[in-house]
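Visitor: I would like to go through this structure piece by piece. Could we look at it together?

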Amino acid sequence: MTALVASPGARSRGAWLVAALSPRGLFMAVLFAGLFFLIVLPVLALVLGSFLPVPPRALAIDWSGLTLANYRETLSGGGFLALLRVTLAAAMIGTAGALAIGASLAWLAIRTNVPGRHLLESIAILPMFVPPLVGAFAWDILASPRSGIINIALRSIGIEKAVNIYSLGGIGFVFAIYYAPYVHLFVAAALRNFDPTHEEAARMCGASSWRCFWQITLPLISPALLSSGLLVFVLLIELFAIPAILGEPGNLHFISVRIWEMVGFTPPKVNQASALGVLMLVITVTLVLLQYRVLGKRSFVTVSGKGLRPDVVALGGARWPLAFVGFGYILFVVLLPYAALLFIALRKNLFYATLGALADTRQLSLDQFALAFSDPVVRASFLNSLAVSLGTVAIGSVLYFTIAYVVQRTSLAGRRALDVITILPVAIPGLIIGLGYLWTWISLPFGIYGTLWIIILAYLSQFSPQGVRAISGSLVQIDPELEESSRLCGAGLAYTLRRIVVPLAWPGILSAMILLLILSFRELATALFLYTSTTQVFSLTMFDFWLRGSTNLVAVMALVQTLVLAILVLLARRIRRERTPFIT
Amino acid sequence: MAVACQAFESQAPKCQVEALTKRYGTRAVVENVSFEIAEGEFVVVLGPSGCGKSTTLRLVAGLAAADGGRVLLGGKAVSDAASGLFVRPERRDIGMVFQSYAIWPHMDVFENVAYPLRVRKRGNAEIKQRVENMLALVGLAGEARRSAAQLSGGQMQRVALARALVFDPTLLLFDEPLSNLDLKLRERLRLELKELQRRTGLTSIYVTHDQAEAVELADRIIVMESGRVVQVGAPHELYRRPLSRFVAQFISSANIFPGRVLARISDDCASVRTETGRELAATHDGSVATGDLVDVVIHPEDCLLGERAPEAPDSHHARIVSRRYQGTSTRYTVDWAGAPLEVAALGSEAPLAQDSPVVLTVPRERARIIGRSAIAASAP
Ligand SMILES: Nc1ncnc2c1ncn2[C@@H]1O[C@H](COP(=O)(O)OP(=O)(O)OP(=O)(O)O)[C@@H](O)[C@H]1O
Ligand SMILES: [Mg+2]
């Protein structure tokens, strides 16, 4: 580790006080204070609120009123157990599906001679770029039991009520297809790094290829399966958008949706909602800790330094059928939903009950687009989203860079703790962060509540794990000697950062910025408790319109949002490709 | 160079390191290291991998902070653990060449070399002038606008050197600058480096684990072993008068065998009986006493082989076990009192026959006795 900002050697008693009052100490203190406000305080406020009998009021906490009543109320009766059962069951179905889909696609793309495997490898993660809210809208349009397009089509050939997206299975399916890419990424990395001699050795010992798969390949990639499975499981428990759209019509109630209802519906029950939120937090934190333990034990996945791609498995006659399944699946889960959204966006009236009515081209027009673009709420919330996203990116890139630099490149006391705090939000659902912010900022006497700033701050805490990790990733690739030589050339820290570190880390910083832009442009749950009529963001407007039945408008907005995001992703890929040759 | 040090006595040494200590966790990686370097001296820090050479250099550069001890440059303290004084690396006016060269890939050759001058806000004309002179000096004239990312290892090495020299630093540090190059290039750059240092007269500290490099470049060598300085001296001093078995082994491929002092012959000579039963006379530094357990160091090229059997002192009966003819010299393994000994005979005459008896002469002034516990550092 470099010691660019070295601490003085004296370690006598009281030295820590001197250290704390030095410029470095003050700098760290400010950083910690910032993160405390951003991440820790909201969680503490939420926990405190869950023990209080009354809703939050400005700094007026009645400490004598601490009570367990909220928990008692939440846990008594069958209510909580039913919520837990539905939430866990859907998450389990989704995780199992995601594991099956993600692992098979990874294996197909990396270890077999399926035609077009390189293309398959790169498009397999496309579903990750479909925002969950948009995916939920699309599958509602496609597969709702009565008016879903798929059901109408099947009914015309005599099959009644074929698919029901409002069921546990249906929601688990939507979960699975949009979270399979996470599994794919983990498993593909493990398969790519896989040393093929392990398998070859087993074959030389006389094992059949079937036996070899079960006894060698699977155990070796099982850590990747386990940790990606746990990650997906946590993300699915935390998810709000899909359960809110697809759960309620089928009378399936999820914890996250219930929290939203408790706060949003009159009479608001913020304290009970907080108790439910804390219970949810306990579940997610436990699972995340579990995941870290699994990740920590991953060491036996061997990396062969030769950089050889493992031998591919010849599929024989199954080559083309499997290619058909693989590519067909991606088209099915990415293109079909957008086709449905486009269809709805172009259609004048939404009353169709037969295939004939669906195919009526006279019903198609661009009116909905004109309507959406001229709607003041849509326009205002688009601009709000843009402002929030840009604000998040501007502050986030500086903040996350500072944290990543301190953690990776200095020997400042407390940098480990800094690292831990910034990854905490992995275990905090966006909805819960939002609720925590509600508690904190309503009781603090600053006029932030009701402005876009509170949404920006909540996003900054919610996205800190992704942001810091992306920038750290590019910092660790820079040889510390590149910085040290600058220092010895006489350049101070600021000059070195400006002329050496930032230019070299720029591709990473830039992709972190675009990632932040994407995440904050599409975020729904975190903003759910933090907006007012003037600070509504785009996703919220979509969600709101959907609840009010303006399906056409929602479809147009979903297309617009996806278009904006797609442009950003393409931009990110371009920049990455252009700038990476620098990194050695 | 000990003489040179005396000559500059009135003036403060260019670089002083006093009782430097650095710990990582509870492990002391550098422990109580002290040395002084005079103006214009080229000092090599030599030791096996992991002994703390780089860490020592980084403490001098200010890239790491010591847990104990002081560093003085030109008589002024730049780091003092006791008082908490720590001058940041960019204020120390030290040039450094790194093992990885640390050439910035987003700048071309010119900008890399110009960087220290730009930091110091020099005018464009001056920068151009000095960078071009420097590039010419290291043999890169005309390559100024090449992208740094396309350079070969040897060229990067030269750019790194030019960058370290361009701002006239008071001290130049090298951390294994040649270890990433192939053997031929390494030998050539070694010569160039020595020549360049002679011309610029820059005080330099050079870290390496390669003893051939150390012996060729150094005015003085500081030998380190697990975080401590075990001996300091000119190359020939280390070669002739190693203070410990470790130094003898590290600096040369000498024969070393354990034994016991039989009797002191004179103030600097004693007779020794080795564990394998050889008896011989050898020199010592005056501190040994009869009965001491010691090691005896004999360099292969100090031994003489002859066919006759003169009754001269220091002669012993031996037998040739094997031989390796090497053109300008021949190396023999001889059997002396039941144990092998390596001998090198210079010249290209026909080698002695295998299995033949020979007379082995080990001049007493060339065989060296070292005490078993002599690890103390010697002052220059
Ligand atoms: N930042 C660090 N944290 C912990 N241990 C360290 C650190 N830097 C060095 N060490 C340890 O200190 C010891 C000395 O390291 P140093 O780099 O000084 O060795 P060296 O003599 O330069 O070796 P080499 O010839 O391999 O470069 C090593 O055992 C190393 O593992
Ligand atoms: Mg080293």
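Visitor: Which residue of chain B stands opposite Leu85(B) in E6(B)?
Guide: Asp80(B) stands opposite Leu85(B). Please note that this is a predicted model.

Visitor: How many bridges pair strand E5 of chain B with E6(B)?
Guide: Strand E5 (residues 76-80) of chain B pairs with E6(B) over two bridges, in the antiparallel sense.

Visitor: And what is the order of the strands in that open sheet?
Guide: The order is E2-E1-E4-E5-E6 in chain B, an open sheet of five strands with antiparallel pairing. Its edge strands are E2 (27-37) and E6 (85-86) of chain B, each of which pairs on one side only.

Visitor: Turning to E13 of chain B, how many of its residues are buried?
Guide: Five of the six residues of strand E13 (residues 269-274) of chain B are buried, so the strand is mostly covered.

Visitor: Which residue is the bridge partner of Val261(B)?
Guide: The partner of Val261(B) is Val272(B) in E13(B). Strand E12 (residues 255-266) of chain B is joined to E13(B) by six bridges, and the two run antiparallel. A hairpin leads from E12(B) to E13(B) through two residues.

Visitor: What is the bridge partner of Val272(B) in E14(B)?
Guide: In E14(B), Val272(B) has Leu280(B) as its bridge partner. E13(B) and strand E14 (residues 279-283) of chain B pair over five bridges, in the antiparallel sense.

Visitor: Which residue takes a positive phi in the hairpin of E13(B) and E14(B)?
Guide: Gly277(B) does, with a phi near 100°; this hairpin has four residues between the strands.

Visitor: There is another open sheet, with E16 and E20 of chain B. What is its order?
Guide: The order is E16-E20-E17-E18-E19 in chain B; this open sheet has five strands and antiparallel pairing. The edge strands, each pairing on one side only, are E16 (304-306) and E19 (339-346) of chain B. On average, neighbouring strands of this sheet are turned by 45° against each other, direction ignored.

Visitor: How many bridges join E16(B) to E20 of chain B?
Guide: Three bridges join E16(B) to strand E20 (residues 357-361) of chain B, and the two run antiparallel. Leu304(B) has Thr361(B) in E20(B) as its bridge partner.

Visitor: Now chain A. Is H20(A) mostly covered or mostly uncovered?
Guide: H20(A) is mostly covered, with nine of its 11 residues buried. Among the buried residues are Ile454(A), Ile455(A), Ile456(A), Leu457(A) and Tyr459(A).

Visitor: What covers them?
Guide: The cover includes helices H2 (23-50), H17 (376-409), H19 (430-443), H21 and H23 (493-522) of chain A.

Visitor: Which residue caps the N-terminal end of H20(A)?
Guide: Thr451(A) caps that end of H20(A), with a side-chain oxygen 3.2 Å from the backbone nitrogen of Trp453(A).

Visitor: At what angle do H20(A) and H21(A) pack?
Guide: Helix H20 (residues 452-462) and helix H21 (residues 464-475) of chain A pack at an angle of about 55°, with their axes 5 Å apart. H20(A) is therefore oblique to H21(A).

Visitor: And which residues meet there?
Guide: Leu460(A), Ser461(A) and Gln462(A) in H20(A) meet Ser464(A), Pro465(A) and Gln466(A) in H21(A). By class, this contact of H20(A) with H21(A) has two nonpolar, four polar and no charged residues.

Notes
Residues numbered from 1 in each chain as written. Chains lettered and ligands numbered in written order. Predicted model: local features only at pLDDT ≥ 70, side-chain atom pairs only at ≥ 80, totals over all residues. Heavy atoms only, no water. Axes fitted to C-alpha atoms, helices over the stretch in contact; angles between N-to-C directions. Parallel < 35°, antiparallel > 145°, perpendicular 65-115°, else oblique. Contact = heavy atoms within 4.5 Å. Nonpolar A, V, L, I, M, F, W, Y, C, P; charged D, E, K, R; others polar. Buried < 20%, exposed > 50% of the residue type's maximum accessible area, 1.4 Å probe, protein only. Pairing = 2+ DSSP bridges. Polar contact = N/O pair within 3.5 Å; in protein donor to acceptor, adjacent residues only side chain to side chain.
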